[in-house]
Amino acid sequence: MERKKFSWGVVLGLALLGFSRSVGWALNKGLSFPLLSSYTQSAFVKGTILALEGIIGLLIPPLLGYYSDTLKSKHGRRRPFIMIGGLLAGIAALMIYTAYALGAPLAGFALTLAFFYFSMHLYTAQFRALMPDTIESGERGKASGVITLLEWAGNLFLFGLAGFLIAKAVAETGEAEGIKALAQTPYLKIPFIITAVFLIGAALFVYFIVKEPKAPEIEKDESLIGYLKSIVENRDFLKFYAAQTLWWMSFEFIAIFLYGILAFILHGSATEENVKAVTSLGLYLMALFNITVLLGALPGGIIYDKLGRRLSIILGGIIFALPQLWGWFISTQTEIVIALGLAGIGWGILMAASYPVIGDLLTHYEREAFTGRYYGFFEATRSLPVLLAGTIGGAIVDLAGENYRILFPIGALLVLLAMPMIWRMKNLEPGEKQ
């Protein structure tokens, strides 16, 4: 496959795209749950609606990643998907605000969320595949560190902006509940407009500025069924995808239900009033988590390249899991802050170290022409946990008498179960043989 020399311009272009997509996902994580709380108090209903992201992400990236590998276009294999997906995702962000502002029923609001998830996943696999397409193995760790850094900076930007706007709205309206105060002011539209601008702008930037290497000639292509079958037959890919599903499910337990967790720990129950009362705090805690993710991301990339794949992944996983074990005993806001801060460092290491793995495995098995489909499946194993965490997590909470705290130790257990799978991968380190 044709390769270009390492280019910081390409890395920064991909990092900008990652930043914009993270702003979009942070908008969903930061505002969708409290907005849905205006419709229903049920953790299961809210979790199921948010789990639509998981259903869509489970289907779309593997399919479109597969077809992008074989696309023959003068515009490249990945960039057409990126441009179309970015434009639609920006429009969808505006539609979410419009649906809520116009008082759409729950079904209508859920449909706008589903369209947003669909648009974002139109180019998820293509975004991920561009990094190994353009960066040589051996340098992907530092590229991943920078891209991960900017991705989580996007989360931080949106959470910080939303928290600032809520504080401003509370001060102006005198309304104690953050999201209710925001809805009473023109400020609610601002995060949605800014998100749309970033999504559309970054997609156009990558389409016109970042150049893809010449597509390789695929002498012996796989059928769609054959590609899915090869993943199951190759134990390294299977172990990694299974491990990633577990640690992302752990993350989504917290991400989807953070407001419920905060309301339960600090106020004793996750009623609509209590959830809305902790919205501002939740946004600031998400911002804090992302700050510590940034602190872990760059070292995670360096560890991956210099000190070994297994060490970096397992180190990140353990640091992420331990504060969740502590979570069962947490009772104060200060303890929540400390636990999320420590977990963020581990998550940053884990994210930077896990992103390049698929690209390096494809290099080892001489299958680099197929980055789209394998990163599509990579994204599916990040989306499946949204589906599982939203539905199973909501059901567990309801069965536990709306005790959201139970999600912490279950999440820690999932991460710890993933670590032996990584340890037993045969070809994770350079030079290892089957």
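Predicted model: local features only at pLDDT ≥ 70, side-chain atom pairs only at ≥ 80, totals over all residues.
**Stop 1: a nonpolar surface patch**

Now select residues 189–209, which form helix α9. This helix gives the most to the patch, with 4 residues. Next, pick out Leu87, which sits in helix α4 (residues 79–101). Is Leu87 buried, partly exposed or exposed? Its relative accessibility is 32%, so Leu87 counts as partly exposed, because that class lies between under 20% for buried and over 50% for exposed.

**Stop 2: a buried serine**

Select residues 106–121 to show helix α5, and find Ser119 within it. Ser119 has 0% relative accessibility and therefore counts as buried. What does Ser119 touch, leaving aside residues up to four places away in sequence? Select Gly85, Leu88, Ala89 and Ala92 to see these contacts.

**Stop 3: a pair of helices**

Select residues 52–70 for helix α3 and residues 371–399 for helix α17. The axes of the two helices come within 7 Å. At what angle do the axes cross? The crossing angle is roughly 180°, so α3 and α17 are roughly antiparallel to each other; angles over 145 degrees count as such.

To look at where the two helices meet, show side chains on both. On the α3 side, the residues in contact include Ile55, Leu58, Pro61, Pro62 and Tyr66. On the α17 side, they include Arg373, Phe377, Ala380, Leu384 and Leu387. Glycines also take part, among them Gly54 and Gly57 in α3 and Gly376 in α17.

Terms used:
Residues numbered from 1 in each chain as written. Heavy atoms only, no water. Buried < 20%, exposed > 50% of the residue type's maximum accessible area, 1.4 Å probe, protein only. Axes fitted to C-alpha atoms, helices over the stretch in contact; angles between N-to-C directions. Parallel < 35°, antiparallel > 145°, perpendicular 65-115°, else oblique. Contact = heavy atoms within 4.5 Å.
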